[in-house]
Amino acid sequence: MTVLEARGHGRQKGHTEFYRGREYTVDLIPKIKLEMVCRTRWSREAVQAIVAAARTGQIGDGKIFLSRIDESIRIRNDERGEGAL
């Protein structure tokens, strides 16, 4: 798993704030990006856990994208497949 601090916006766009009496627009909102690789048999449970923890019912809750990983290789010892996870 990798956790990245990111900045962006979707439908919620940005917002305006005031700093030292001046108004400015904040277009990019702080976000967190999770990248995970897990065995297929664990993917449903992982998705359910993320949804349960992240859902607020508000715009900006995020999205989950699932994709297949064709191969995994541990660079240190050239281990391959599920053993490399």
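**Entry 1: Arg74 and its partner**

I started at arginine 74, which is partly exposed at a relative accessible area of 26%. The model is a predicted one. I looked for a charged partner and found glutamate 79: the two side chains meet in a salt bridge, 3.2 Å from N to O. Glutamate 79 is partly exposed too, at 30% relative accessibility. I then followed salt bridges with shared partners, and these join Glu71, Asp78 and Arg80 into one network.

**Entry 2: the other salt bridges**

How many salt bridges does a search of the whole structure find? I got five. One of them pairs arginine 39 with glutamate 82, at 2.7 Å from N to O. I checked the cover on both ends. Arginine 39 counts as partly exposed at 22% relative accessibility. Glutamate 82 is partly exposed at 45%.

I also noted lysine 33 with glutamate 35, whose closest N and O atoms are 3.3 Å apart. Lysine 33 has a relative accessible area of 43%, so I list it as partly exposed. Glutamate 35 comes out at 37%, again partly exposed.

**Entry 3: Ser72**

Next I moved to serine 72. It is in the loop between helix H1 (40–54) and strand S5 (73–74). Is serine 72 buried or exposed? It is buried: its relative accessible area is 15%, and the cut-off for buried is under 20%. Its side chain reaches the backbone oxygen of glycine 81 at 2.6 Å. Leaving out residues up to four places away in sequence, I listed what serine 72 touches: Glu79, Arg80, Gly81, Glu82, Ala84 and Leu85. Glu79 is also the salt-bridge partner of arginine 74, and Glu82 that of arginine 39.

**Entry 4: backbone angles**

Most residues other than glycine have a negative phi. Arginine 20 has a positive one, about 50 degrees. Its place is the loop between strand S2 (15–19) and strand S3 (22–26). Arginine 20 is exposed, with a relative accessible area of 74%. Aspartate 78 also shows a positive phi, near 65 degrees. I located aspartate 78 in the loop between S5 and strand S6 (79–80). At 45% relative accessibility it counts as partly exposed.

**Entry 5: the nonpolar patch**

Which residues make the nonpolar surface patch? I found Met1, Val3, Ile32, Leu34 and Met36, covering about 530 Å². Methionine 1 belongs to the segment before strand S1 (2–8). It is exposed, at 71% relative accessible area.

**Entry 6: the whole chain**

I counted one helix and six strands. From the N terminus the order is β-β-β-β-α-β-β. The radius of gyration is 18 Å, well over the 12 Å that the globule rule gives for 85 residues, so the chain is more spread out than a compact globule. I fitted a box to the C-alpha atoms along the principal axes and got roughly 60 × 30 × 15 Å. Buried residues make up 7% of the 85.

I also looked at contact range. Of the contacts between residues at least 6 apart in sequence, 32% join residues at least 24 apart. Last came the surface. The chain exposes about 8000 Å², and carbon and sulfur atoms supply 51% of that area.

Methods: Residues are numbered from 1 along each chain as its sequence is written. This is a predicted model: local features need pLDDT of at least 70, side-chain atom pairs count only at pLDDT 80 or more; totals for chains, interfaces and linings use all residues. Side-chain values use heavy atoms; hydrogens and water are left out. Patches are made of residues with over 30% relative accessible area and no salt bridge: like charges are joined within 9 Å, nonpolar side chains (Val, Leu, Ile, Met, Phe, Trp, Tyr) within 5 Å. Accessible areas come from the Shrake-Rupley method with a 1.4 Å probe; for residues, only the protein chains shown count as cover. A salt bridge is a side-chain nitrogen of Lys or Arg within 4 Å of a carboxyl oxygen of Asp or Glu. Helices (H or I, at least four residues) and strands (E, at least two) are DSSP runs, numbered from the N terminus. Buried means under 20% relative accessible area, exposed over 50%, partly exposed in between (1.4 Å probe, protein chains only). The radius of gyration is taken over C-alpha atoms; the globule rule is 2.2 Å times the number of residues to the power 0.38. Contact means heavy atoms within 4.5 Å. A polar contact is a pair of N or O atoms within 3.5 Å; within protein, one must be able to donate a hydrogen and the other to accept it, and residues adjacent in sequence count only if both atoms are side-chain atoms.
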